[in-house]
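I opened this model to look up its strand pairing, its nonpolar cores and the contact between its chains. My entries follow in the order in which I looked.

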Amino acid sequence: MHMSGSTVTRRALLMLLAAALALLAIIVMSGWLADSTRQYSGSLSRMTALRVAAGTLLSQLQDAEIGQRGYLLTEDRRYLKPYEAADAAVESTIARLRELADGNADELRIVDRLAVLAAGKREELAETIALMKAGRRDESLAIVRTGRGMSLMDDARRSLADLITPADAQLDTQLGALTRQARISGWVANLGGLFILLVVGGAVWIALSYTRALMQAQRAIQSLNDSLEQRVSDRTMELQRANDEIQRFAYIVSHDLRAPLVNVMGFTSELEAGLASVTADLDRRPAEGDDPMAAEARRAVAEDMPEAIGFIRTSTTKMDRLINAILALSRQGSRTLSPEPVSMQALLENAVGSFRHRAGELRCAIDIAGPLPSLVSDRLALEQVFGNLLDNAIKYLDPARPGRIAIRGRAEEDRLTFEVADNGRGIAPQDHERIFELFRRSGVQDRPGEGIGLAYVRTLVRRLQGDVTVDSVPGQGSVFRISLPRILTLASEKPAHDA
Amino acid sequence: MMRDPQTVCIVMIEDDEGHARLIEKNIRRAGVTNEIVPFTDGTSALAYLFGADGSGQASMGRALLILLDLNLPDMTGVDILSRLKANPHTKRFPVVVLTTTDDRQEIQRCYDIGANVYITKPVNYESFATAIRQLGLFFSVIQVPEAEA
């Protein structure tokens, strides 16, 4: 399965958003339900308190009436006790009812009416008891017989029922609404929960399959990487082998080319020696008149043969120099480098010192724009590199003007750059690369040399993990630029050599 | 027993016949008249030096001077040098190593193994001839030790 990372992220985000919305709905529903429940329970407790207070008021009024009846019948003052207790409590019960009815106009009206009724009843009771106490029993009973007290009590009972019935009905309505809400909430919670479960499941599935895809990709990359490393090391080994092969080849070529050359040279000398004895013998004999054969032989001995021998000599000498150059390069390639801290200032001062005499003869000034940065590298190789560059700079000065050679150096992080700049005759642009090739030279061939120096320099610098380039304007001068690592590490070279 | 230098026999192991001829000519020119036994490969030279059984008994009592080329078709001269210097019957024979290269490491290796003289065959023939002639002088002054029984 292939999914791009952004697709997966988008999908996962969308699913999480949906789940969050579902959760929000559940929370809102729960909050709503809790609010309704709280409202209902508030109503319920008020209602209960209202019922209790109403019941209390009724029983107090009845207690007061019972006490009055007992006293009127027996004239026993003990019956006045419940009457007095109930009578005293009625006011506070009414206050309690008013408090519970707070905010409801209908109920307040009923409570006000109850207060009036209660006051009327209490007044009737107090009047009859006062008459009884005064010994006017008949008058007292006459008041009872009017039925005023009974009708007051009936009115009070009705009012209390009026107060409770609508409150009860309201409570029922609220309970019904609450039940409906609870059912809806339950549904929302169940459906939401199910939905969240599905979303989370989906997200987990996506994550799992994505992770699986990722791991597959990683495995693929890993195996690719492994094979790449293998290929790189194969390639490196191949290159190393090829390089070793070239080194051996160069060595063998120079070795085996020299053997026949020794013969050519040796037997040429033998010829020369033979020729010398022939010449000596001829010189002793008188010239044989006009014999053309004898004249021919004399000319051959005196001119042609020495000339031929001379050419053989110069050619073999040249060939020997070329072979030596190849040999030197191949040796340089196989020499073990030994990096050590090298003060470039000291090294170049030394190098310049060894050229001072020749430079002085040519009226050439060599300046080191010191202090030069130091590095860790192979000292011998550096000496040879800068020795060759200075030698070239002096060799190819322009005789038309006094020579000036400047050596500069600068450091950039882990690489150093050195420049050997001269105001010599310069190098034509098409030769800037060619001069670094073996046996190739540039410009007028009026100076001694085989075209080896710069090839040697480049081989050395590359072995030091650096590079050499040239900037030059013919007739103005050249700048040879050498870039080297600040610290030469041979780690990569070691195993390759062992291989 | 006193040994006359004339009785010293020169063993020349050199595969290049031209070189062999030039060396011989120059030795003779230097006035050395000792017998020269030439070999053009390592195998036959070893057979001569160490005998058919390879023990070196064959060289017991011989007075030899060995001219050795390092570049042989069947083995390197260094192998022969090592064997010569390892065998009690041959280790005292002076060995002159002749080669076309002046590789410093190779020279040092030969001296380490026990080469007495190392001569580079230069293309500059005059110096080569001079070296060989000086070798002739060397022949006449060396005291070849009596081979041990």
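**Strands of chain A**

I began with the strands and found that strand 4 of chain A and strand 5 of chain A run antiparallel and are joined by eight bridges. I count two strands as paired if DSSP finds at least two bridges between them, and I take helices (H or I, at least four residues) and strands (E, at least two) as DSSP runs, numbered from the N terminus. This is a predicted model, in which local features need pLDDT of at least 70 and side-chain atom pairs count only at pLDDT 80 or more, while totals for chains, interfaces and linings use all residues. Residues are numbered from 1 along each chain as its sequence is written, and chains are lettered from A and ligands numbered from 1 in the order in which they are written.

Across this pair, I noted G409(A) opposite F418(A) of strand 5. The hairpin of strands 4 and 5 of chain A has two residues between the strands, and there E413(A) takes a positive phi near 50 degrees. Strand 5 of chain A is also joined to strand 7 of chain A by eight bridges, again antiparallel, with A421(A) having V479(A) in strand 7 as its bridge partner.

**Cores**

I next looked up the largest nonpolar core, which has 38 residues, and found V385(A), F386(A), L389(A), V420(A), V457(A), V461(A) and I482(A) touching the most other members. Such a core is a set of buried Ala, Val, Leu, Ile, Met, Phe, Trp, Tyr and Cys residues joined through C-beta atoms within 7 Å; buried means 20 or more other C-beta atoms within 10 Å of the residue's own, with C-beta atoms placed from the backbone. Helix 8 of chain A gives the most to this core, seven residues.

Helix 8 of chain A has 17 residues and reaches 24 Å from its first C-alpha to its last, close to the 24 Å expected at 1.5 Å a residue, the expected span being 1.5 Å times one less than the number of residues. Leaving aside neighbours within four places in sequence, L389(A) is in contact (C-beta atoms, placed from the backbone, within 7 Å) with V420(A), V457(A) and F480(A).

**Between the chains**

Last, I noted that 12 residues of chain B are in contact with 13 residues of chain A. Helix 1 of chain B supplies the largest share of the chain B side, three residues.

Conventions
A residue is buried if 20 or more other C-beta atoms lie within 10 Å of its own, exposed if 12 or fewer, and partly exposed in between; C-beta atoms are placed from the backbone. Two residues are in contact if their C-beta atoms, placed from the backbone, lie within 7 Å.
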